[in-house]
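Trainee: I'd like to learn how to read a model like this one. Could you put it on screen and start with something simple?

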Amino acid sequence: MKILYVFLIVSSAFTSSFQQGRRGRSPIKRSETQLHEMNRPILDRLASFVFKLENDRVANSSVTDSKGRTGEPIEWAEGNSFANKFSELVASNDLGYTFKQSVADLIAGEYDEDSTKNSIIDFTSSNPVAMYSFTTCPFCRKAKDYLDENSIPYTTIELDLLPDNEGNEIRAQLGRLTRRTRL
C-alpha cells in the first residue's frame, strides 16, 4: 500500500561541494523511503497523536441529546450546517479524500485488508439495511433516528465499540470502497 513518499532533494551544486568536502570518502547514497516502510514505532506515535486529537475533539464538542445519547451535536448533521457543508466539500474533491483516507489508513495501521473487505461485503450483502456507525457521530444518529421513526429495520455495527482496532480497520476499508471516510 503506497501512502506517501518522502524525498530528499538536494541541488547538484550542493551535492558536489558536499562530496568534495568529504575528502575522498565514498559518496553518500540517497534513497527513497515509503511511509509504509518506515519503522512502525514512528508510525504508531503519529497514529496515536492523530487518534488522540480526534478523540479530544469529539470529547470537547460532545453533548447529550434529547434521547440521552452523548456525541457531537446533532445539529451538525443538518443540511445547512457548517459541519455538513465542510464535510461535503472535503469529500467532493480528490485532495480532501486523499488526505482523509491517508489519516484513516494511518490510524488503522497494519491489518488483513482482504479479510476486512470480505467482512464488509458479507455484512452489507446479508442485511437489507446495513449501517456502520460511530456512537458519537451526529450524522449516524440522525440516520438511525430516521430509520427508527419510519419503522425501517436495520442492522448496525458501532465501530467505536468494536474490540482492539477493528473499527478503524473497517473505517479505512470503507473509505477505499466508498471514497468516504466519514460515516
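Predicted model: local features only at pLDDT ≥ 70, side-chain atom pairs only at ≥ 80, totals over all residues.

Mentor: Let's start with Asp-94, which is exposed at a relative accessible area of 55%. Residues are numbered from 1 along each chain as its sequence is written, and side-chain values use heavy atoms, with hydrogens and water left out.

Trainee: Which side chain meets Asp-94 in a salt bridge?

Mentor: A salt bridge puts a side-chain nitrogen of Lys or Arg within 4 Å of a carboxyl oxygen of Asp or Glu. Here the partner of Asp-94 is Arg-179, at 2.6 Å from N to O. The pair links distant parts of the chain, with Asp-94 in helix α4 (residues 94–108) and Arg-179 in the segment after α7, 85 residues apart. Arg-179 counts as partly exposed, at 38% relative accessibility. Its phi is positive, about 65 degrees.

Trainee: How do I read the helix labels, and how many helices and strands are there?

Mentor: Both are DSSP runs numbered from the N terminus: helices are H or I with at least four residues, strands are E with at least two. This chain has seven helices and six strands, in the order β-α-β-α-β-β-α-α-α-β-α-β-α. Take α7 (residues 166–178): its 13 residues reach 18 Å from first C-alpha to last, close to the 18 Å expected at 1.5 Å a residue. That expectation is 1.5 Å times one less than the number of residues. Among the buried residues of α7 are Ile-170, Ala-172 and Leu-174.

Trainee: How many salt bridges does a search of the whole structure find?

Mentor: Eight. One of them joins Asp-65 to Arg-69, with the closest N and O atoms 2.9 Å apart. Asp-65 counts as buried at 13% relative accessibility, whereas Arg-69 is partly exposed at 24%. Arg-69 also meets Asp-145 at 2.8 Å, N to O. Asp-145 lies in helix α6 and Arg-69 in the loop between β3 (63–64) and β4 (70–71), so this pair ties together parts that are 76 residues apart in sequence. Asp-145 is itself buried, at 11%.

Trainee: What does Lys-144 touch?

Mentor: A contact means heavy atoms within 4.5 Å. Leaving aside residues up to four places away in sequence, Lys-144 touches Met-131, Ser-133, Tyr-154 and Glu-158. Lys-144 sits in α6 (residues 138–149) and is buried, with a relative accessible area of 10%. For the chain, 68% of the contacts with a separation of 6 or more come from residues 24 or more positions apart.

Trainee: What is the mean pLDDT of the chain?

Mentor: pLDDT is the predictor's confidence in each residue, from 0 to 100. The mean is 77, and 71% of the residues reach 70 or more. Over residues 1–23 the pLDDT is below 50, though this stretch has 25 contacts in the model beyond near neighbours in sequence. Residues 27–31 also stay under 50, with six contacts beyond four places in sequence.

Notes
Buried < 20%, exposed > 50% of the residue type's maximum accessible area, 1.4 Å probe, protein only.
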